[in-house]
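Q: Can you take me through the pockets and cavities in this one? I'd like to start with what lines them.

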Amino acid sequence: MGYLLRTKAVAAKEFWVLVRQPQLLVMLLLGPVVIMVLFALSFRVENYLPRAVVVVEEGSEGEEIFLRFRRQFVERTRFQGVLRDVQEADRMLREGRTDAVIILPPDPSRAVAEGRQAVLEVHYQSINPIAGTTVPNRSNGLVLDLNRAIVREGIATEVQNIGGTVEEIEAINRQLERVSQAAEALTSEEAREITSSLEEALVELEEALEGLEGREAEEALARARRARELLDELIAAQQAGARSIEERLGITELQRALDRLSEQVARVPSGVPPRVLANPFRLELENLAPFEPTAVEFYAPATLALLIQHIALSLASLAIVRERVSGAYEFFEVSPLRPGGLLAGKFVTYLALVVAVNLAVAGVLAAALGIPVRGGFGRLAAAMAVLAAASVSAGFLLSVLSRSQLQAIQVSMLVFIASGFFSGFLFPLRELEQPALAVSYFLPATYGIRALQEVMILGRWPALGDLLGLAAIFCVSAAGARLLLARRGGAS
């Protein structure tokens, strides 16, 4: 009975202790919920479209195809425009102003006529082996759409051509029928007898007219002679047979019709494999990133950045609140030590400790797992120091605002969880929308992950924008912590 009473008393005491800390309860209950809600509202991987520019030669067949099938390019990308120079487009890609460079061949029909697929080249830059497949996937979809649209248009055009060809064939058949009928009629025995009788009559008429005088008789004689010449030609054609008459009656017109048909047939590529006709374009992808890491190599810098932020933030978040709980802060208030000096002393220790520990971890990863440090440990130490400085300053601000060590630790854990979702560790920032994107700007890991990837994977100094972001977090957090510490302690 006594044991139960003592247990009940301890439980009641802990309950009232927790109830008297409403901020801690709110953080415990609402913190994870808020993080998940923000993530659900802001994650948009399915609708993400990469930015893209198209490079095509002015006035070429490639430009004509792009203008004709522009819709396929716009629907598969966030289209940024047309450029004429591949190098200029690649420069945009390396500077992060676009995600893909689509290069159209100037003369794709020539490749198809030669039995080859025309190459649609796509340049992109990604070191992420997991989430870096967006551009290749969208490019494959673009080529499929383009091939489908071209084949569909080609079939429609050929259907129209076939219709015209059928009309031509019908006209030729009618012409052949008329020629054949005429030839048969003129070469028949009856026609021969008629022409023979007509020739005899003309001979007699000429002889009669030759005996007359006068102008009218001369003109009639000339017409009779001309009629006899024509009749002689007809008799000669009759003697040559029906073939000669067919040529005289319409072979020229028939030849023209056949020439037109030959031109239409010649438009259909001969000897081209069906695979090329069905898919005139094929895709060639080129990743301009200097190094393509494995999944382990890619996530190692991001893991180190999260580790640095978490260790630095957790240590610093307890720095002031621990002194208050232990009562040591009261001694600091009556001593010559000012808030700036107190924070500076703790800052140096925490910074050196965090950088040294994580450099050792990076060394072990490089030696045991072969994790690349292409930029060298000097640059890595510098990048870690900047990230650790921003995280320690943020931890100081959290420590000044916290009322207990438990509250400080809880907030540190929430920041760690939020960093996993919103810092670009699990998903690229481009796949996040507001309000999660705004949250990412306040996390040191957002800039630290990119900074360590630049040093370890790409072998170069961190981008200026990331360094400025960390510097801004450091300055704002340090100034806020010092100001609040001075006000609460009554010092200046």
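A: In this predicted model, α19 makes the largest contribution to the lining of the largest pocket, with five residues.

Q: Which other elements give two or more residues to that lining?
A: Besides α19 (444-456), they are α5 (86-94) and α7 (134-186).

Q: How many residues line the largest pocket, and which lie nearest its centre?
A: The lining has 38 residues, and those nearest the centre are Asp99, Gln125, Pro428, Arg430 and Arg450.

Q: How much space is in there?
A: The largest pocket holds about 1100 Å³.

Q: Which domains give at least three residues each to the lining of the largest pocket?
A: Domain 1 (51-157) and domain 3 (295-489) each do.

Q: OK, cavities. How many of 30 Å³ or more?
A: One. The largest cavity has a volume of about 40 Å³.

Q: What lines the largest cavity?
A: Pro50, Thr77, Ala100, Ile102, Val135, Arg138, Ser139 and Leu142. Five of the lining residues are nonpolar, two polar and one charged.

Q: Which element has the largest share of that lining?
A: α7, with four residues. β3 (100-103) also supplies at least two.

Q: Switching topic: where does UniProt put "transmembrane region"?
A: The unreviewed entry annotates residues 24-43, 347-368, 380-402, 408-429 and 467-485 that way.

Q: What does the model show for residues 380-402 and 467-485?
A: Residues 380-402 are 96% helix, with end C-alpha atoms 32 Å apart. For residues 467-485 the figures are 100% helix and 27 Å.

Note on methods
Residues numbered from 1 in each chain as written. Predicted model: local features only at pLDDT ≥ 70, side-chain atom pairs only at ≥ 80, totals over all residues. Heavy atoms only, no water. UniProt positions renumbered as here; feature names shortened; annotations may be inferred. 1 Å grid on protein atoms, 1.4 Å probe; cavity = no way out; pocket = protein on both sides within 12 Å on 5 of 7 lines; lining within 4 Å. Points joined across faces, edges and corners; volume = space filled by probe spheres on them. Domains from an automatic or database assignment. Nonpolar A, V, L, I, M, F, W, Y, C, P; charged D, E, K, R; others polar.
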